[in-house]
Amino acid sequence: MKFNPLYSWYQIQDFFTFEWENGLFLYGLILPFLFYFIKYLRQRGNQPRLELSLSVPLKQKRITLLLSYVPMVIQMLCIASVIIVAAGPYRVIKHQKKQVEGIDIALALDISSSMQTRDINPSRLETAKTMGTAFIRQRSHDPISLIAFAGAPYLASPITTDTAFLLHQLQQFTTNQIPEEGTALGDALGMCINQIRDSKNPKKISILISDGNNTAGNLDPVTSAELAKNFNIKVYTIAVGSLQPSTDPVDESTLREIASLTKGKFFRATNGQTLQQIFQEIDKMEASVVKTVTWEEHLSLTYLFAEIALILFFVGLWVRISWIGNSLED
């Protein structure tokens, strides 16, 4: 690993960016310097002088002169550390987190044989799958449940935020996946309700995509809509199919009634572009709220300088009572 001096400097600079609980104590840092300066002046003024005439000048070793200041430096640093402890140093660590207030969504797609009709290119089902894929990708923060239905509903995915799994399951939808023929709108909506009704999230919606009236199942669509209303689930219904005459005409009546009862909205998708616009409109009406939460953590560094002061105290004490202190005094 290469040494980066610039990075090291930033680390040092970052380490000393402190905040202080009692910043006024920092003015006391001048006291040890002032004390030892006055002590130095007094010792110098009171020092007796003896003039000697020597043939060879007596020179004091420079290293001995420097070492004589060691006890004083240790004491000054120890006192400075105690003052810093009194000032209460701490570092402010800022944290930031994004919180998404998502919406619980149950997406049900009709895969009955009539969805193979090609009045929308390439077909009603393939168009719905393509637009559903885009919608799921846009709602990556929202828990989504995926349901396929024909004459009976099929739970393709329980409620999850696993976008990859949802997309995989959606791509597996085919018209021969469910053996029961027909369109069980009531049962499909009932399964949607079961997936999201117990959620603590107050925002819950269901999206029901089909091309026809209720022709199968045990649960009446109106009853399912009333249940959705009681659980505060808004249902958006989308009728998929061209406005042109077809062997499998689109029946809007039941889908309109479901949306009306649940205070949702009915849409008619006549081609891939309008279906895309419908999903975009639902995405705007039921947008997730992204909040940025910022908080600060105060990391106290008092203990660090207290340890430094204690170490310096014992080092200074050891220097004074050891042979090093005696030799420096001599």
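These legends accompany several close-up views of one predicted protein model.

The model is predicted, with local features needing pLDDT of at least 70 and side-chain atom pairs counting only at pLDDT 80 or more, while totals for chains, interfaces and linings use all residues. Residues are numbered from 1 along each chain as its sequence is written, and side-chain values use heavy atoms, leaving out hydrogens and water.

**View 1. The whole protein, to get your bearings.**
The protein has twelve helices and nine strands; helices (H or I, at least four residues) and strands (E, at least two) are DSSP runs, numbered from the N terminus. Of its 330 residues, 38% are buried, where buried means under 20% relative accessible area, exposed over 50%, and partly exposed in between (1.4 Å probe, protein chains only). The protein exposes about 20,400 Å², and carbon and sulfur atoms supply 57% of that area. Accessible areas come from the Shrake-Rupley method with a 1.4 Å probe; for residues, only the protein chains shown count as cover. A contact means heavy atoms within 4.5 Å. Among contacts between residues at least 6 apart in sequence, 82% join residues at least 24 apart.

**View 2. Gly132 and its neighbours.**
Gly132 sits in helix 5, which covers residues 124-138. With 2% relative accessibility, Gly132 counts as buried. Leaving aside residues up to four places away in sequence, Gly132 touches Leu170 and Phe279.

Lys129 forms a salt bridge with Glu126, and their closest N and O atoms are 3.5 Å apart. The rule here asks for a side-chain nitrogen of Lys or Arg within 4 Å of a carboxyl oxygen of Asp or Glu, and by this rule the count comes to nine salt bridges. Lys129 and Glu126 are three residues apart in helix 5, so about one helical turn separates them. Lys129 counts as buried at 5% relative accessibility, whereas Glu126 is partly exposed at 36%.

In the pair formed by Lys265 and Glu281, the closest N and O atoms of the salt bridge are 2.7 Å apart. Lys265 lies in strand 8 (residues 265-269) and Glu281 in helix 10 (residues 272-285), so the pair ties together parts that are 16 residues apart in sequence. Lys265 is partly exposed, with a relative accessible area of 34%; Glu281 is partly exposed as well, at 30%.

**View 3. Further salt bridges.**
Asp198 and Arg197 form a salt bridge whose closest N and O atoms are 3.9 Å apart. Asp198 counts as exposed at 64% relative accessibility, while Arg197 counts as partly exposed at 35%. Elsewhere, Asp119, Arg124 and Asp211 are linked in a network of salt bridges.

**View 4. Aromatic rings at Phe313 and Phe314.**
The structure holds three aromatic pairs. The rings of Phe313 and Phe314 have centres 5.4 Å apart and planes at 75°, so this pair is edge-to-face. The criterion pairs rings of Phe, Tyr and Trp (its six-membered ring) if their centres lie within 6.5 Å; planes under 30 degrees apart count as stacked, over 60 as edge-to-face and the rest as tilted. Phe313 is partly exposed, with a relative accessible area of 47%, and Phe314 is partly exposed at 48%.

**View 5. A nonpolar surface patch.**
Ile30, Leu31, Leu34, Phe37, Ile38, Tyr40 and Leu41 form a nonpolar patch on the surface, and together have about 690 Å² of accessible area. Patches are made of residues with over 30% relative accessible area and no salt bridge: like charges are joined within 9 Å, nonpolar side chains (Val, Leu, Ile, Met, Phe, Trp, Tyr) within 5 Å. Ile30 is found in helix 2 (residues 30-46) and is exposed, with a relative accessible area of 55%.

The peptide bond from Asn121 to Pro122 is cis, with omega near 0°. Pro122 is in the loop between strand 3 (104-110) and helix 5. Asn232 has a positive phi of about 55° although it is not a glycine; this residue is in the loop between helix 8 (221-230) and strand 7 (233-240). Lys263, also not a glycine, has a positive phi near 60° and belongs to the loop between helix 9 (253-261) and strand 8. Asn232 is exposed at 60% relative accessible area, and Lys263 counts as exposed at 66%.
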